Amino acid sequence: MPKYVIERELLGAGELSSDQLKEISQTSCDVLNELGPKIQWVHSYVTDNKIYCIYNAPSESKIREHVEKGGFPINNINKVSTIIDPVTAE
C-alpha cells in the first residue's frame, strides 16, 4: 500500500497539551474506523507550528476523505517514492 506524508499547518502545535493531542488522535482514529482498514495512520511528528503525519492509504483521495470527515487542516499530501536509512549506505 502506498505511504504518504501529510503536512498540516497548525500554529502553536508544539504547545498543544497532552489532552488536546489525545482528543485530536481520538478524532482521527474514529474517522479511520469509519473509513475501514484500507487507510492506516502510522504516526505523526509534532513541531512548533506543524504536524507531519505518516499514513498508508490506497490513494490520495482516501487521505482527503479522512481530512474532510475529521475536519483537519491540510497543506500538502506527498506520496513517498522510497524510504532510505543508514542501511541504504551499505
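How many of the 7 residues of strand E3 (residues 50–56) are buried? In this predicted model, the count is 5, so E3 is largely enclosed by the rest of the structure. Buried here means under 20% relative accessible area, with exposed set at over 50% and partly exposed in between (1.4 Å probe, protein chains only). Strands (E, at least two residues) and helices (H or I, at least four) are DSSP runs, numbered from the N terminus.

E3 pairs with two other strands, pairing being called when DSSP finds at least two bridges between strands. Strand E1 (residues 3–9) runs antiparallel to E3 and is joined to it by 7 bridges; here tyrosine 4 sits opposite tyrosine 55 of E3. Strand E2 (residues 40–46) is also antiparallel to E3, with 6 bridges between them. On that side, valine 46 has isoleucine 51 of E3 as its bridge partner, and a hairpin of 3 residues links E2 to E3.

Beyond its neighbours within four places in sequence, serine 28 is in contact (heavy atoms within 4.5 Å) with Trp41, Tyr55, His66 and Phe72. Serine 28 and asparagine 78 are 50 residues apart along the chain, and 19 Å separates their C-alpha atoms.

A word on conventions: residues are numbered from 1 along each chain as its sequence is written, and side-chain values use heavy atoms, leaving out hydrogens and water. Local features need pLDDT of at least 70 and side-chain atom pairs count only at pLDDT 80 or more, while totals for chains, interfaces and linings use all residues.
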